[in-house]
Amino acid sequence: HAFRQYSIPFIICFMLQVRRCSTTHDEASVGKMAFVRVMGLALQASLALGVLNDATESSVLQRSPALRGVSILTPAQNGSYMTLHHKKLFAAIREHPLFEEDARHAKFVLVDIDTFMQYLWDQGRNDGQRVCCAPDSAECNHCYPDIPKLYINALETHTAQHPHIAKQQTFVYLRDSHHLWRPESEDALPRLRERMSKFNMIFLGFDLTKDETLPGEFNVLPAIMEKFMPANWEAMDDCTPRKYKACFIGNMESYSKKSIRPILFNATKNQKNFLVKEAGKWNLDFEGYKQVLDQCDMGFAPRGDNHYSFRLTESLSRGAVPILVDDLMADPYGIDPSEWLVKLPEEDLENAAEIIDAISQEQICDLRKKGKKMLQWSDSISGVADGIIRSLIDRTGSLN
């Protein structure tokens, strides 16, 4: 490898050395020969540094042949804004026991650039979390088309410095599928993907779907609001049947032209053991909904405007087994969803009452206990960080 990489300097250096050995010693050639000697020394130094860099990387690989854990690259340019969510999530990752300070030792590498652009849901947009085009902008939008470029620049810099190690690493991109992948021009996205194709990549997000063209994706569960956290975790192991088989309170409309929520409402409205009510958009009484979930064995989580829902974690936090109604949502943390929730195909939603009624209390109890494990990966920002890291390292697709 060293010969291939540094063959040109070798040849030039050789030619200069031959030129230096010329038998011409006239006065006019003395200055030229001094220049030749300086150039020869400079090229030899360049060659030595290149070989030394290779030797250093080889030494690192020999000392730590099995890359492990996760690390974070901190580039000089990391964008003009970071949300509170990003700051807390990356702080939690740095405090994790599987975090590696030296990125050269890590199997999975994140970049300290806010590509996620997410709010802390319980604090909303009124806690200095505006994501705007400019600090003094009155608009509150996700509008940073250059952030993916900064991320790729950081990977290219790291790879140039440590080419052997980078080939063995996987780079993690926390992806906001709605906005950061709507670049300023139509041909910008293909160029970004072409640049990313040089690296081993895995994409994580809240709203990723199974029909995406980008490789290695799984979703992350959003951190649950503190007000929804169970007062007694042990009570979640209680398998006594509750008042209702399943429940849902929420807006029946969405910005999507193919909303499935009205189908759910019609399929359960005359069923006494189902509690499904409509709430105005963004007018859900969270305290009331928490009390409702406490009375339900299961909680519906139908897709709405997006392919992720706080309904999953809200149900988990109250010991209600989630019923996911979304055919495209990528599996949270890459875990087989059948281990901890009920997945109801959208085409079967009209028969929801009959299908859910057929689920035994024993099945509900088993799913509830496994759901408690998933809740640990969404009970806080630290829990989310742990879920991300454990899922990256242990790609078995199982909770066991």
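Predicted model: local features only at pLDDT ≥ 70, side-chain atom pairs only at ≥ 80, totals over all residues.
Cover here rests on contact, meaning heavy atoms within 4.5 Å. I call a residue buried under 20% relative accessible area, exposed over 50% and partly exposed in between, using a 1.4 Å probe and protein chains only. Helices (H or I, at least four residues) and strands (E, at least two) are DSSP runs, numbered from the N terminus.

Residues are numbered from 1 along each chain as its sequence is written, and side-chain values use heavy atoms, with hydrogens and water left out.

**Entry 1: helix α11**

I looked up α11 itself, which covers residues 361-375 and has 15 residues. From first C-alpha to last it reaches 20 Å, close to the 21 Å expected at 1.5 Å a residue; the expected span is 1.5 Å times one less than the number of residues. Which residues of α11 are buried? I listed Ile364, Cys365, Leu367, Arg368, Gly371, Lys372, Met374 and Leu375.

Next I checked how α9 meets α11. The two pack at an angle of about 120°, with axes 9 Å apart. Axes are lines fitted to C-alpha atoms, for helices over the stretch in contact, and angles run from 0 to 180 degrees between N-to-C directions. Thr313, Leu316 and Ser317 of α9 make the contact with Gly371, Met374 and Leu375 of α11. By class I count three nonpolar, three polar and no charged residues there. For those classes, Ala, Val, Leu, Ile, Met, Phe, Trp, Tyr, Cys and Pro are nonpolar, Asp, Glu, Lys and Arg are charged, and the others, Gly among them, are polar.

**Entry 2: the sheet with β9**

I traced five strands forming an open sheet in the order β7-β6-β8-β9-β10, with parallel pairing. At its edges stand β7 (274-278) and β10, each with a single partner strand, so one side of each is left without a neighbour in the sheet. Two strands pair if DSSP finds at least two bridges between them; β8 and β9 run parallel and are joined by five.

Is β9 enclosed or open? Five of its five residues are buried, so β9 is largely enclosed by the rest of the structure. Val321, Ile323 and Val325 point one way, Pro322 and Leu324 the other, and all are buried.

In the loop between β9 and β10 I stopped at Tyr333. Its phi is near 55°, a positive value in a residue other than glycine. Tyr333 counts as buried because its relative accessibility is 2%.

**Entry 3: the sheet with β1 to β5**

I then followed an open sheet of five strands, parallel in pairing and ordered β1-β2-β3-β4-β5. Its edge strands, β1 (70-73) and β5 (217-219), each pair on one side only. Neighbouring strands of this sheet are turned by 30° against each other on average, direction ignored. Within it, β3 (residues 170-174) and β4 (residues 201-205) pair in the parallel sense over four bridges, and Leu174 stands opposite Leu204 in β4.

Which helices did I find on these strands? Helix α3 (residues 84-94) lies across β1, β2 (108-111) and β3, running at about 130° to β1. Helix α12 packs on the sheet and touches β1, β2, β3, β4 and β5, its direction making about 145° with that of β4.

**Entry 4: two single residues**

I looked up Ala385, which lies in helix α12 (residues 381-393). Ala385 counts as buried because its relative accessibility is 0%. Not counting residues up to four places away in sequence, Ala385 touches Leu89, Ala92 and Ile93.

The C-alpha atoms of Arg191 and Lys149 are separated by 9.9 Å, and the two residues are 42 residues apart along the chain.
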